[in-house]
Structure formats: C-alpha cells, structure tokens
Amino acid sequence: VKKDIHSGDKDIQTFLDAIAAHSYKYNDEVDEDDKEHVSPMAQELEKTKIGKGFVFNNKGVKNIDYGKMAGVLLASQAMLNKRLNEIEKR
C-alpha cells in the first residue's frame with residue numbers, strides 16, 4: 001500500500017539538528033498546575049519539513065501533537081542506533 005519508499009535519514013538528521021530540549025512552565029492562563037515540562041519548542045519543530053506536521057494552534061497557543069510525532073521519534077532512534085553501531089564497529 002506504500003510507494004516511493006526511500007531513506008528518510010537526511011530528513012531525520014535535519015529535524016534533529018533543528019531541535020533542542022527545553023525545560024519550561026506555561027503561564028497560568030494555559031496551565032494552572034504550574035508543572036514543569038521538558039520538550040522541544042513547537043516553534044523549532046515548525047521550522048523543519050518533518051516537524052511542521054506536528055504543530056497545531058489551539059486558541060492562539062502553539063502545541064505539539066505527540067501522537068503524530070511518534071513515528072518520527074522511532075525512526076530517529078533507528079537512525080541513531082544505526083550510526084552508533086557503525087561507530088562501535090570502528
């Protein structure tokens with residue numbers, strides 16, 4: 001059921017190069033619990049070809065759809081695992 005299948009390593013690498021881990025809290029209007037969150041910023045994600053598909057607007061606040069992002073995270077881990085195995089072989 002799939003066609004035009006090719007390696008996504010280049011797209012994944014561009015995606016990973018564009019994001020960073022951030023620790024943050026939401027303003028009281030968004031999250032009254034004052035919990036700390038750790039995640040890349042939606043603004044970083046939407047700058048990438050892959051990441052912009054996970055960002056949505058909810059009442060003027062940019063959010064990340066982690067369900068849509070799950071496949072990319074697994075593909076990222078697979079690519080990184082492949083690179084690690086190549087390094088270990090050296």
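Reply: A residue is called buried under 20% relative accessible area, exposed over 50% and partly exposed in between, with a 1.4 Å probe and protein chains only. This is a predicted model, in which local features need pLDDT of at least 70 and side-chain atom pairs count only at pLDDT 80 or more, while totals for chains, interfaces and linings use all residues. Residues are numbered from 1 along each chain as its sequence is written, and side-chain values use heavy atoms, with hydrogens and water left out.

By that cut-off A42 is buried, because its relative accessibility is 7%. A42 belongs to helix α2, a helix being a DSSP run of H or I of at least four residues and a strand a run of E of at least two, both numbered from the N terminus. Leaving aside residues up to four places away in sequence, A42 touches V55, K62, N63 and I64, where contact means heavy atoms within 4.5 Å.

A42 also lines the largest pocket, as do K62, N63 and I64. A pocket here is an open set of points on a 1 Å grid over the protein atoms alone, where a 1.4 Å probe fits, with protein on both sides within 12 Å along at least five of seven lines; lining residues have an atom within 4 Å of a point. Strand β4 gives the largest share of that lining, four residues, and both α2 (42-45) and β4 (61-64) supply at least two residues each.

Helix α3 has its own buried residues, M69, V72, S76 and M79, and these pack against α1 (9-18), α2 and β4.
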